[in-house]
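Please walk through this model with me, one feature at a time. Keep the structure open as you read.

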Amino acid sequence: MSKMITNRYTLVITTILLALLVLIPLAYAQQYSNTAPPFSIVSISSVPSPTITGVSKVSITLIYTGGYYLYNTEFSLTSCSGTVVSQNPVFIGWLNPGQEVTVTYLINSTLPINCQSTLAISWGAEYEISAKAQVTTYIQVAGSGSMNINFPLVIYGSPIITAYTKTQYLVSNLVNPVELVVSNNGSGSIYNLQVNIDISGATLAAGSNSIVIGTLNPGSNYSMTLYVLPISSGPMTINVGYTGLDQSGNTVSGSISISMSVIAVSSSQVIVYPVNSSLSIGSGELAIGIRNVNPVPIYNVTLVLTSIQGLSLAGNTTYDIAEIPPGATDYVYVPIAVPISSSSASITYSLTYQYTGGYPGSVQGTMAVSVLNKPSILVTGYQVAPTPLMISETGSVSLNFVNTGSVPAYNLNITAIPGPGIELISQSSTYMGTLNSQQLSAVAFSFTVTKTMNTTITFQIQYTDQFGQQYMQYYTVPITVIRNTTLFTQSASQLGSQGTYYRFHRANYFTYIIIALAVVAVALIITVVLILRSKHGGKS
């Protein structure tokens, strides 16, 4: 009986011990499940990319709240947007209980970023300090482990405000329209943007010096026109102050200074002049130069020819030039006709233009030019005789010409230049002297031909005007040479009027022959008679 009781107690004790072995780990597990994770995020800071798409920096500060020392600790970020381009995971190594640690990542992404990201933390082992050791000794109490922390990753862009003017200078003594452009070149929007204008060296002639822009998104511009009157010859400065809020609600403010030079311009520094020193009688072209001596360009230049004297316009009266840079000259070419009666000519003009900003300018005046009266030889015709020419035959060529100029032609000399197969018989040059205006004249040369061919005689015509200026021109006359025709090959139609001449000479030839034969016959008869008489002793 006592043995059975002993066995029962032994079974109960064994059951209790087994229950304790199962309940103690469960108790520990229940204890850890009710405690906070050993890491907590203290703060998250970021530096956004200066552009909408680019690399931003995020720094995460954590505190280790566990009771053990961690060995070979690493932090790996899984970003909800973009790609982590820096080292990932970040290796920290040994961590003490209560230690703060900051890990930094570079993320290439499009801003803004506002989503849930994950930070994975892992370690190689857990240690504690031995309480029994005389020196500090670490005892491993657990192996490797890991945990994840989910957190909102928020990176807003930052606005970058710039300002510039499209006008690079101001014109003194004029109200200048100045276009001011305010730009957001950053990666984030700015809200409640207000701009304040302060000008030194000039006054604001029109417009407000305080402008409320409101929202200016990245890449956007806001333009405004300021009407500025310089009050000195020195440089003028526009100070642009701005204030607003970024996407995080932080105040953004700053100041920008823009310096502009002040220059003096006048219509007297735009010069219109004739390029031609003189004009010639007849059709031609008048070149007109427009020189901009101003230190700034002029735009939308329009030249209008309003009246003329001593010449006629053969083309337009209005000419446009888009721009003439400072110190440069542009040209227009005007077709004209000058009558023979003109000794001088003049053109009245009006020139309008604009400076930068559209401010107008103008200049008017009259251009006077002289008319150069000069002689002009015009060949009116030629004659070649006989035509056509035969080989070895003598021919002549004459040239008719007139001085169509308004003044005499002096030292007129005409030279014949023979072509192939032609030999001049007369002198090759003829000096004509002076040929008055509208006077007709002619010159002739004689020559022979040596070849059957089509050839030419070229005339070189030289003369001078009253100032000794020499002129030279050429005129070419065609010459045709054919092969000679013999007596025996001429046809009846070719003989024509020459038939009588040939018959007359042919008859004379036969008469001479008959007379000669008769004389010879008579002489022979007389000789025979004398010989016979001498043989017969004088008998008949």
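A search of the whole structure finds one salt bridge, meaning a side-chain nitrogen of Lys or Arg within 4 Å of a carboxyl oxygen of Asp or Glu. Its partners are K166 and E179, with the closest N and O atoms 3.7 Å apart. K166 lies in the loop between β11 (161-165) and β12 (169-171) and E179 in strand β13, so the pair ties together parts that are 13 residues apart in sequence. Strands here are DSSP runs of E with at least two residues, numbered from the N terminus. E179 is partly exposed, at a relative accessible area of 27%. The scale is this: buried is under 20% relative accessible area, exposed is over 50%, and partly exposed is in between, with a 1.4 Å probe and protein chains only. Side chains of opposite charge can pair when their charged atoms come close.

A word on the source: this is a predicted model, where local features need pLDDT of at least 70 and side-chain atom pairs count only at pLDDT 80 or more, while totals for chains, interfaces and linings use all residues. Residues are numbered from 1 along each chain as its sequence is written, and side-chain values use heavy atoms, with hydrogens and water left out.

Now turn to L180, in strand β13 (residues 176-184). Is L180 buried or exposed? L180 counts as buried, at 0% relative accessibility. Contact means heavy atoms within 4.5 Å. Beyond its neighbours within four places in sequence, L180 is in contact with residues including A163, Y164, T165, I197 and Y222. Others among its contacts are M224, L226, V240 and I258. The C-alpha atoms of L180 and T167 are separated by 8.5 Å, and the two residues are 13 apart along the chain.

Next, the covalent link. The count comes to one disulfide, taken as a pair of cysteine sulfur atoms within 2.5 Å. C80 is joined to C115, at an S to S distance of 1.6 Å. C80 lies in the loop between β3 (69-78) and β4 (83-84) and C115 in strand β7 (residues 113-123), so the pair ties together parts that are 35 residues apart in sequence. The torsion about the S-S bond is about 75°, so the disulfide is right-handed. Both ends are partly exposed: C80 has a relative accessible area of 32%, and C115 has 23% relative accessibility.

Then the sheets. Two strands pair if DSSP finds at least two bridges between them. Strands β27 (residues 344-354) and β28 (residues 360-372) run antiparallel and are joined by 11 bridges. Here S346 stands opposite A368 in β28.

Another open sheet of five strands runs β30-β37-β36-β32-β34, also with mixed pairing. β32 (residues 409-418) and β36 (residues 454-464) are antiparallel, with seven bridges between them. N413 has Q462 in β36 as its bridge partner.

Finally, confidence. pLDDT is the predictor's confidence in each residue, from 0 to 100. The chain has a mean pLDDT of 83, and 82% of its residues reach 70 or more. Over residues 17-36 the pLDDT is below 50, and this stretch has one contact beyond near neighbours in sequence. Residues 486-512 also stay under 50, with eight contacts beyond four places in sequence. Where pLDDT is low, the predicted coordinates should not be read in detail.

Definitions and conventions. Helix = DSSP H or I, 4+ residues; strand = E, 2+ residues; numbered from the N terminus.
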